[in-house]
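Grab a pencil and work through these exercises one at a time. Try each task yourself before you read its solution.

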Amino acid sequence: MTRIDAKFAALKAEGKKAFVSYVMAGDPNYEQSLKIVKGLPAAGVDVIELGLPFTDPMADGETIQLAGQRALEAGMTLQKTLDLATEFRKEDDTTPIVLMGYYNPIYSRGVDKFLADAKAAGIDGLIVVDLPPEEDSELCIPAQAAGLNFIRLATPTTDDKRLPKVLQNTSGFVYYVSVTGVTGAAEAEADNVGPEVARIKASTDLPVIVGFGINTPEKSEAIATIADGAVVGSAIVKKIGEGESTADVLAFVKTLADGAHRA
């Protein structure tokens, strides 16, 4: 059982929904990023999504693209992202970390080396948005063999014919993208998301977590009410990009987490 599996089992036993937060590793720099990540569990975050900076983040809107640029300009690399996770693990051995990014940096490092290093750094799962199920032999299956969850995205355009393929080798949880388009581009509406979550849950026992377009405590609560939890990324990253202090960023995260936990 991975930390992700254990976390969702514990939440289910408590009758609670999950709050998942996304931050870009190394934004605005390594030191402040590490402080923010270390503070997320105390702010109510159940699962941390750690963005891997990349030069061509095609699934991301402007807010997260700029965060990636800031991180890269501050010298962030795949190795430093793993170093950050390693530092976090010195104080927290229970909060799951999901590394979210693109395949190119992983491929450049070499899949076997990357998986061994990620596991050693305390990474629990991967979301690699540009690797479709047809490429499962590239990374998904080796990752699961290494003890890492491989989390797949389902979207409003994932129809009943496509869904079984998407779910085939997914583990940990299913990430439902609530809007068509890039991160931060539109707002999620619970009325639209509810039927889609129900459709996915009819085909899998995995938790279904909803992200994209959630930016307030009220929205976090509404989405968590109809799913197994909510993910917030761009709204948090925007605060970091505006230069807010670590304390203020974490206070905002707590309001979002409290919203999801009220559901």
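**Exercise 1. The whole chain**

*Solution.* Before we start, a word on the model: it is predicted, so local features need pLDDT of at least 70 and side-chain atom pairs count only at pLDDT 80 or more, while totals for chains, interfaces and linings use all residues. Residues are numbered from 1 along each chain as its sequence is written, and side-chain values use heavy atoms, with hydrogens and water left out.

Step 1: look at the build. You'll find 12 helices and nine strands in the chain; these are DSSP runs numbered from the N terminus, with helices (H or I) of at least four residues and strands (E) of at least two. The radius of gyration is 17 Å, close to the 18 Å from the globule rule for 263 residues, so the chain is as compact as a globular protein of that length. That radius is taken over C-alpha atoms, and the rule is 2.2 Å times the number of residues to the power 0.38.

Step 2: check the inside. Of the 263 residues, 54% are buried, where buried means under 20% relative accessible area, exposed over 50% and partly exposed in between (1.4 Å probe, protein chains only).

**Exercise 2. Two helices side by side**

Work out how H4 and H6 are arranged.

*Solution.* Step 1: know what to look for. Two packed helices are described by the angle between their axes and the distance between the axes.

Step 1: get the values. H4 (residues 78-89) packs against H6 (residues 111-121) at about 25°, and their axes are 8 Å apart. Axes are lines fitted to C-alpha atoms, for helices over the stretch in contact, and angles run from 0 to 180 degrees between N-to-C directions.

Step 2: classify. H4 and H6 are therefore roughly parallel; the cut-offs are under 35 degrees for roughly parallel, over 145 for roughly antiparallel, 65 to 115 for roughly perpendicular, and oblique for the rest.

Step 3: find who touches whom. From H4, Leu 78, Leu 82, Ala 85, Thr 86 and Arg 89 meet Phe 114, Asp 117, Ala 118 and Ala 121 of H6, with contact meaning heavy atoms within 4.5 Å.

**Exercise 3. Around Asp 27 and Pro 28**

Which kind of peptide bond runs from Asp 27 to Pro 28, cis or trans?

*Solution.* Step 1: omega is near 0°, and the bond is cis. Pro 28 sits in the loop between strand S1 (18-24) and H2.

Step 1: meet a neighbour. Arg 70, in helix H3, touches Asp 27, Pro 28, Val 237 and Gly 241, not counting residues up to four places away in sequence. Arg 70 is partly exposed, at 23% relative accessible area.

Step 2: meet another. Ser 33, in helix H2 (residues 30-39), has Asp 27 among its contacts, along with Leu 84. With 2% relative accessibility, Ser 33 counts as buried.
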